Amino acid sequence: MSNESTRLRRRLAVEGASSVWFRAAGYFALLVFGVIGATLVWKSLPVLTEYSLVELLTSATWDPARNSFGFMPAIVGTLAVSGISMAIGAPIAILTAIYLAEYATDPWKTVISSFVDALAAIPGVVFGLVGLIVVVPFVGDYLAPVFGVDSAGQGILTASLVMSIIVTPFIVSLTVESLEALPLELREATLSVGATEWEVTKHVLLRAAGPGILSALLLGFGRVFGATIVPAMLIGSQTLVPETVFSPGQTLTTIIVNDFGELMSLPLTQSALIFVGLLLLVVVWLFNFAAMLLRRRLERRWQY
Amino acid sequence: MDRYTEQRIADGLVRAATAIVLAVLVLVVGVTLVRGGRALLANPAIVVTPPGSTYMLDGAGGFLHAVLGSLLVVGPATVISTVLAISTATYLQSDYSSERFAEYANLFLNVLWGTPPIVYGVFVLTIMIGAGTRASLLAGILSITVFQYPIITRYTDEALRSVSTELKETTYGLGATRFETIRVATRAALPGVVAGVIMGFARGIGDAATVLFTAGGSTAMPGGLLEPATTLPILIFQQATSFNAEVRSHAYAASFVLIVTVLALIGASKLLAGRFARYTPGGQSE
């Protein structure tokens with residue numbers, strides 16, 4: 001009898017201890033979030049007190065050695081790379097997702113989905129390296145001369161082309177997920193009134209899965225926005241506002257990579273670069289929250 | 001244009017897009033394997049040779065330091081982040097927490113999941129500046145841990161979510177405590193959890209942005225927790241644009257090693273998920 005009760009006591013002790021541990025782990029998620037934000041704000045303060053936010057964001061001169069920190073070139077570069085890679089990647093990704101979710105049948109579907117997963121898993125540096133071997137000479141020797149531009153091959157367009165490859169599998173898998181979540185009745189009902197497969201997709205499925213696809217696009221945009229290694233390898237790294245898509249440029253992320261090593265000893269530069277990190281964090285977090293809120297709102301409005 | 005033509009065009013476009021994606025995959029993997037394979041075949045010993053003193057200049061020696069560095073950074077980081085991630089996911093997916101809290105925490109975890117790796121790098125670097133330490137193996141482990149934590153949590157959370165409610169209700173019905181129920185549920189979710197941990201490891205071993213400043217990118221063998229180290233992605237990043245062809249070829253060889261490792265891990269995670277399926281109720285036995 002006493003044996004029984006010690007066992008029960010032990011079980012309850014384990015239960016109590018686990019409750020404490022799991023609760024701590026649950027709050028740890030929020031803690032990580034808060035600590036990252038707070039740390040970056042704290043170390044960005046020096047540069048933020050020295051210069052106004054507007055000045056930092058709109059000035060075009062970036063010369064840390066002379067204490068001028070203008071993020072305009074990097075912001076333009078980031079927007080250009082994100083915009084171009086989404087413009088190339090998003091249509092291809094959505095079409096591929098339609099194929100996988102609606103057209104492909106099983107042996108192919110499994111094979112192609114695992115290929116897309118494999119593409120998603122390949123490390124960024126490998127894409128960067130292949131970009132250097134393949135895309136840089138392609139842009140420099142073939143594409144730029146066609147447009148009559150002189151280019152060494154590294155530039156906004158090169159980075160965007162490779163980034164569009166990276167963002168595609170990401171958008172594909174999220175889009176496939178939202179398409180597959182739609183009930184079969186939706187397709188059956190539309191097909192039974194005589195619609196073609198494409199009409200089903202265009203008029204019904206893309207609309208019903210719209211909130212999910214939009215949030216996939218926003219998340220994908222956030223991905224490209226924060227991509228670091230590939231732009232750093234391919235963009236040519238010159239902190240000027242780019243004139244054409246073939247010009248070398250700089251993104252917010254590559255400015256951190258290129259300037260941290262040498263300039264880390266200057267406290268103000270250090271703070272300016274940490275501020276870039278904060279800027280990335282704020283923008284990407286806004287995108288993520290926006291993606292989730294948009295999805296929730298639209299799902300309520302676009303009910304089928 | 002009549003609707004059947006439109007259907008045919010759409011059909012073609014959809015297939016063409018898929019073909020482009022597959023072609024790009026073949027191109028990327030092919031170029032890496034061919035270029036890296038050539039460099040490796042020319043001198044397979046570079047994978048297990050420590051770097052010489054003039055390594056960055058003329059590629060004397062090999063990149064054993066980066067192979068070891070990768071394992072020493074990502075191994076411990078995966079263990080730590082797995083423990084944390086499973087705990088967090090358990091808390092969110094169980095009767096320990098309220099649904100409301102779980103919803104908010106999931107929102108934050110999703111945002112963490114989308115946070116650029118470079119931000120984690122800058123975050124750990126900021127802590128290092130505050131603490132007055134320089135780049136080290138420990139800092140590298142810390143940044144990869146923070147990077148992997150939301151990824152593994154997300155996969156684990158998904159796996160635990162797929163466990164049937166009946167299973168939990170049955171265990172509670174037998175008089176089990178919450179902890180005992182969680183053990184049963186985690187066991188049922190094991191395929192997904194294992195797949196998630198492997199995916200986390202694969203993501204961690206391939207990432208350069210988080211460890212670029214924190215681990216340091218040294219050209220010597222890893223010497224200790226507080227000594228600088230380097231990883232394969234850092235090595236590739238630094239050497240890909242070298243003027244010396246020999247040094248560049250080491251970057252190709254390293255990316256061969258990296259891509260084979262990552263693809264093997266993905267394959268392993270799929271196979272393992274199938275094998276562990278026998279622990280799930282209704283799963284196949286072998």
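**Figure 1. Two domains of chain A and the distance between their centres.** In this predicted model, the centres of domain 1 and domain 2 of chain A, taken over C-alpha atoms, are 34 Å apart. The domain assignment places domain 1 at residues 2–50 and domain 2 at residues 57–301 of chain A.

**Figure 2. Where domain 1 of chain A touches domain 2 of chain A.** Domain 1 of chain A gives nine residues to the contact. Domain 2 of chain A gives ten. How do the residues on the domain 1 side divide by class? Five are nonpolar, two are polar and two are charged on the side of domain 1 of chain A that touches domain 2.

**Figure 3. Overall fold and dimensions of chain A.** Chain A contains twelve helices and two strands. Along the sequence, the order is α-α-β-β-α-α-α-α-α-α-α-α-α-α. The C-alpha trace of chain A spans about 75 × 70 × 40 Å along its principal axes. Its radius of gyration is 25 Å, whereas a compact globule of 304 residues would have a value near 19 Å.

**Figure 4. Burial and contact range in chain A.** Of the 304 residues of chain A, 47% count as buried.

**Figure 5. The largest nonpolar core.** This core has 172 residues. Which residues have the most contacts inside it? They are A:V162 and A:V230. Helix 3 of chain A, residues 72–103, supplies the largest share of the core, with 15 residues. Both domains of chain A take part: the core draws at least three residues from domain 1 (2–50) and at least three from domain 2 (57–301).

**Figure 6. Close-up of A:V162.** Neighbours within four places in sequence are left aside here. Which residues are then in contact with A:V162? The contacts are A:F127, A:G131, A:V135, A:V230 and A:L234. One of these, A:V230, is also named with A:V162 for the most contacts inside the largest nonpolar core.

**Figure 7. The contact of chain A with chain B.** Chain A gives 70 residues to this contact, and chain B gives 68. On the chain B side, helix 1 (residues 3–42) provides the largest share, 19 residues. By class, the side of chain B that touches chain A holds 48 nonpolar, 14 polar and six charged residues.

Terms used
Residues are numbered from 1 along each chain as its sequence is written. Chains are lettered from A and ligands numbered from 1 in the order in which they are written. This is a predicted model: local features need pLDDT of at least 70, side-chain atom pairs count only at pLDDT 80 or more; totals for chains, interfaces and linings use all residues. A nonpolar core is a set of buried Ala, Val, Leu, Ile, Met, Phe, Trp, Tyr and Cys residues joined through C-beta atoms within 7 Å. A residue is buried if 20 or more other C-beta atoms lie within 10 Å of its own, exposed if 12 or fewer, and partly exposed in between; C-beta atoms are placed from the backbone. Helices (H or I, at least four residues) and strands (E, at least two) are DSSP runs, numbered from the N terminus. Domain bounds come from an automatic or database domain assignment. Two residues are in contact if their C-beta atoms, placed from the backbone, lie within 7 Å. The radius of gyration is taken over C-alpha atoms; the globule rule is 2.2 Å times the number of residues to the power 0.38. Ala, Val, Leu, Ile, Met, Phe, Trp, Tyr, Cys and Pro count as nonpolar, Asp, Glu, Lys and Arg as charged, and the others, Gly among them, as polar.
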